[in-house]
Amino acid sequence: MTAQPQQAVSIHGAWSGRLIFILAAASSAVGLGSIWKLPYIIGQNGGGAFVLVYLGCVLLLSVPLMMAEIMIGRRGRQSPVNSFAALAIEAKASSKWRWVGVLGVLTGFLILSYYSVIGGWVLAWLVKFPLGLAPAADAATAKVTLDDFFASPAEIFGWHTLFMLVVALIVMRGVERGLEQAVRILMPGLLILLVVVVAYSAMYGNFSEAVAFIFTPDFSQLTWNGVVVAMGHSFFTMSIGMGALLAYGAYMPAHQSIAVSTVWIIAIDTLVSLLAGLAMFPLVFASGLSPAEGPGLMFVTLPVVFEAMPGGIFLGGAFFLMVLFAAWGSAIGLVEPFAAWLVERGASRVRATLVLCAAAWALGIVTVLSFNILAGVQVGGRTLYELLDYVTANVLLPVGGVLLAIFAGWVMKDTRVMKELAMKNMGLYLAWRVAVRVVAPSLILVVLIVGLLG
Ligand code: TRP
C-alpha cells in the first residue's frame, strides 16, 4: 500500500484497492443465493413471471439501496451499529438509529446459522461426488442419494461444523489477510465453470423448455407470496439490508465511485444467477424432475450433468469447490458486521469471531434437524428452516432496506450524501434520490403489507 486515502480509514483495516472492494462485495453477493436458492425458488414460484418481478426488484430496489448502504458505510467508517450512530449524530438525528444497525447484525447472525448448514451440503458433495459416494447416474438416483443424506442429522451436522470452522478462521485473520485472499480467484473461476456447465446442460438436457420456463412470463403462475419471495430474494442475493455491504463500504477507498461499483456488483450477481438457472432447468425438464423440487434442486440436477460428461468427476469437483468458495465469501460477509461491532466494543477480533461463529453454529442445529427429526414441526406450513429463511430474507432484510433508505434519503444531509456519492451526472443523482426517498420505501412496504396480510 502506498498512498493513504485522505479520509480517515476504518480501525478494522481497508481494502488495498478498487478492484478488491468490488471483488469482495461481489463475493458477498454471489453465493448460495444465486446458485442454489434462486433456481429452486424460480421452480417453486412458477418460472418466468417470478423472474420478471425479481429482475424488476433488482433494478428498482437493489441498485439504489446498494448505493445507499455502501455510502452509509464509507461515510461512517465503522460497523453498521456505530456507523448509524455516528451519522445520526452528524445529522443531529435521534441516536435510536443505531438500532437499525443492531437489527441488521442480528439478521445476519440468523442467516448465517442456516447458511452454514447449506454450505455444509456443498462441502459434502465436493468430497462425496468425486469419490463416487454421491451416485447420480440419473435424476432418480441422485434424489435417493440426497434423501439419504437429509435423513442423517449427524452427517449434515458434521459438514455444517466444518463449514463454520473455515468461516471463523477466515474472519479471524481480518480484512486484508483473510477476506482479500479468499476472494481473488473466486469470481473468474466460478464464471468460467458456470458457462461450461450451462453448455453441457444445454447439450444433455432440454434447453428450449428451460429457457421458455425462465423467460416467458405467465402471470397466472404468480401469487402475492411469490412477489414477496422475489423481492426478498433481491435483497438476499445482493447482500442488502443487514449491513454486510455497509461494513465492506467502511473499508472502501475514499475516491472510488460507489455508483460504478454498485453496477458491477449487481451485474456480476445477476449474470451468475441467470447462468445458474440455465445450468439446472434443462435437466429438470429432460429428466421428469419437478421444477418445484425445493432446496435439494441443485444437488439432484448438477451431479447428473457431471456424471454424464467426460471428465465430469473433475469438473464436478471443481464446480462444487467454486460454489463452496462463493458460499464462504458470503458467509464472511454475514459475520463481518457483527464481528466489527464487537471489536469496536473492545473485544479482540479472534474472540469476537469465535463467539459469533460458535453461537450461529449452535443455532444451526435447528436447521439441521428441520430436514429430518423435526421435519414435522411446522409453523404455518413451513418447516423451521423454511420459517427462518422466510422471516430473514423476506421480512427482516426488506425492513432493514426501508430503514436504510429512509436514513440515506431523509435523515442524512443532502450535501453530505452528494459529496459521498460524488456522481458526475446530476440527473442520475436525482433519480437515485427519488428512488431511496420515495420509490423504494413505498414499494417495499406495499409488497410486505399486502403479501403478509393478504
Ligand atoms: N448474498 C449471499 C448469497 O446470495 C448471502 C449473503 C451474504 C447475504 N451476506 C448477506 C444475504 C447479507 C443478506 C445479507 O448467497
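K92 is found in the loop between helix 4 and helix 5. (Helices here are DSSP runs of H or I with at least four residues, strands are E runs of at least two, and both are numbered from the N terminus.) The model is a predicted one: local features need pLDDT of at least 70, side-chain atom pairs count only at pLDDT 80 or more, and totals for chains, interfaces and linings use all residues. Residues are numbered from 1 along each chain as its sequence is written, and side-chain values use heavy atoms, with hydrogens and water left out.

Back to K92: its phi is positive, about 55°, although K92 is not a glycine. With 76% relative accessibility, K92 counts as exposed. On that scale, buried means under 20% relative accessible area, exposed means over 50%, and partly exposed is in between, using a 1.4 Å probe and protein chains only. R77 isn't a glycine either, and it has a positive phi of about 60°. You'll find R77 in the loop between helix 3 (48–76) and helix 4 (80–90). R77 is buried, at a relative accessible area of 7%.

## Aromatic pairs

How many aromatic pairs does the count come to? It comes to 31. The rule takes rings of Phe, Tyr and Trp (its six-membered ring) and pairs them if their centres lie within 6.5 Å; planes under 30 degrees apart count as stacked, over 60 as edge-to-face, and the rest as tilted. Take Y114 and Y385: their ring centres are 5.6 Å apart and their planes sit at 75°, so this pair is edge-to-face. The pair links distant parts of the chain, with Y114 in helix 5 (residues 98–131) and Y385 in helix 17 (residues 384–411), 271 residues apart. Y114 is buried at 1% relative accessibility, and Y385 is buried with a relative accessible area of 1%.

F150 and F371 make a tilted pair, because their ring centres are 5.0 Å apart and their planes are at 35°. F150 belongs to helix 6 (residues 139–150), while F371 is in the loop between helix 16 (349–370) and strand 1 (378–379), so the pair ties together parts that are 221 residues apart in sequence. Both F150 and F371 are buried.

## Charges over rings

The charged end of R382 sits over the ring of Y390, at 3.8 Å from its centre. For a charge to sit over a ring, NZ of Lys or CZ of Arg must be within 6 Å of the ring centre and within 35 degrees of the ring normal. Then there's R437, which lies over the face of W410, 3.8 Å from the ring centre.

## Helix 13 meets helix 14

At what angle do helix 13 and helix 14 pack? Helix 13 (residues 258–287) packs against helix 14 (residues 297–308) at about 85°, and their axes are 9 Å apart. That makes the two helices roughly perpendicular. The axes are lines fitted to C-alpha atoms, for helices over the stretch in contact, and angles run from 0 to 180 degrees between N-to-C directions. Under 35 degrees counts as roughly parallel, over 145 as roughly antiparallel, 65 to 115 as roughly perpendicular, and the rest as oblique.

Which residues make the contact? From helix 13 come A279, M280, F281, L283 and V284, and from helix 14 come L297, M298, V300, T301, L302, V304 and V305. Contact means heavy atoms within 4.5 Å.

## Cysteines

How many disulfides does a search of the whole structure find? It finds 0, where a disulfide is a pair of cysteine sulfur atoms within 2.5 Å. C57 is buried, at 8% relative accessibility, and C357 is buried too, with a relative accessible area of 3%.

## A few more residues to look at

P398 lies in helix 17 and is buried, at 0% relative accessibility. Leaving aside neighbours within four places in sequence, P398 is in contact with M231, G232, F235, T392, A393, I444 and L448. T353 is in helix 16 and is buried at 0% relative accessibility. Not counting residues up to four places away in sequence, T353 touches A168, V171 and M172.

R345, in the loop between helix 15 (312–344) and helix 16, is exposed at 59% relative accessibility. R345 and N82 are 263 residues apart along the chain, and their C-alpha atoms are separated by 9.8 Å. M426 is in helix 19 (residues 426–453) and counts as partly exposed at 41% relative accessibility.
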